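Below are some notes on the model you sent, in numbered points. They begin with the chain as a whole and then turn to one helix.

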Amino acid sequence: MSLTVTPDSRFAAKVFPSPNHGERKFRDGGTARRPDMLILHYTGMPDAGQALQWLCNPVAQVSSHYFVFENGHTLQLVPEERRAWHAGASHWAGETDINSCSIGIEIANPGHPGGLPDFPPEQIAATLNLCRDICERWSIPPERVLAHSDIAPGRKIDPGEKFPWRHFAEGGVGLWVEPAPMRSGRFFARGESGQPVEALQAMFAMFGYGVAVDGVFDEKLEAVVAAFQRHWRQEKVDGVADSSTITTLRDLLALTQASRTA
Ligand SMILES: [Zn+2]
């Protein structure tokens, strides 16, 4: 393997290599898997430099393709054609080896453990440029630009409910509909069961979430609802499927189905 000296993206300043990567898994026909998902993370560590060192430490067994500092300075750690180790046990739209089919970006931010500080504007601008470039070069569809929390609900909550997904969609990255207004009415929460819960699970599963369609609103479904809210209905993240959450999900589903049949 030749040493990559030039970043794959013109928005990365330089290569800062991590040893933590492997071969993207092959499809049945022997064709190399090309990335068609983009996964965003926060580092969740108080210090960006320490987070970067960890992602480059062979002991860690974790990495990402790109790393974006608070000031927007961007490094490439793993070549895009290689399989970086950022997703872990994950699921989306039938895929479970998300590392093989995705590109991962780590955004330096202390995260929920550090009080979830705002992402600085310079960092957001740099990340948006990088994402747009990756999506264009690899033809990644908007509905496959996702949070780590979307593909691993219950296990991961990054990049968190302060991540500006609306701004990204306005900049051409990711899927967005205006969240339906919060209002009182019928809602579904942990402990309930029955046909309406099953219908709700079917909607989440159709959208891509790894959710069992068994009619039981358990802890796992609660985590999926919270993950959805963290991304698409950020005003209130409580794992309760209220009418605003369900309507927003329905609108997003309609949008993806319209684009698939277009
Ligand atoms: Zn993550």
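1. The protein chain exposes about 11800 Å², and carbon and sulfur atoms supply 54% of that area. Please keep in mind that this is a predicted model.

2. On overall dimensions, the C-alpha trace of the protein chain spans about 55 × 45 × 35 Å along its principal axes. The radius of gyration is 18 Å, which agrees with the value near 18 Å for a compact globule of 262 residues.

3. Of the 262 residues in the protein chain, 51% are buried, where buried means under 20% relative accessible area. Taking contacts between residues at least 6 apart in sequence, 69% join residues at least 24 apart.

4. Seven helices and eight strands make up the secondary structure count of the protein chain. Helix H5 covers residues 195–207, 13 residues in total. From first C-alpha to last, H5 reaches 18 Å, close to the 18 Å expected at 1.5 Å a residue.

5. Which residues of H5 are buried? They are Val 197, Leu 200, Gln 201, Met 203, Phe 204 and Phe 207. Viewed down the axis of H5, these buried residues fall within an arc of 155 degrees, so they line one face of the helix.

6. The cover over the buried residues of H5 includes helix H6 (219–232) and helix H7 (243–261).

7. After H5 comes Gly 208. The phi of Gly 208 is positive, near 140 degrees.

Note on methods:
Residues numbered from 1 in each chain as written. Predicted model: local features only at pLDDT ≥ 70, side-chain atom pairs only at ≥ 80, totals over all residues. Heavy atoms only, no water. Helix = DSSP H or I, 4+ residues; strand = E, 2+ residues; numbered from the N terminus. Expected span 1.5 Å × (residues − 1). Buried < 20%, exposed > 50% of the residue type's maximum accessible area, 1.4 Å probe, protein only. Arc of directions from axis to C-beta. Contact = heavy atoms within 4.5 Å. Rg over C-alpha atoms; globule rule 2.2 N^0.38 Å. Areas by Shrake-Rupley, 256 points an atom, 1.4 Å probe, with all protein chains shown as cover.
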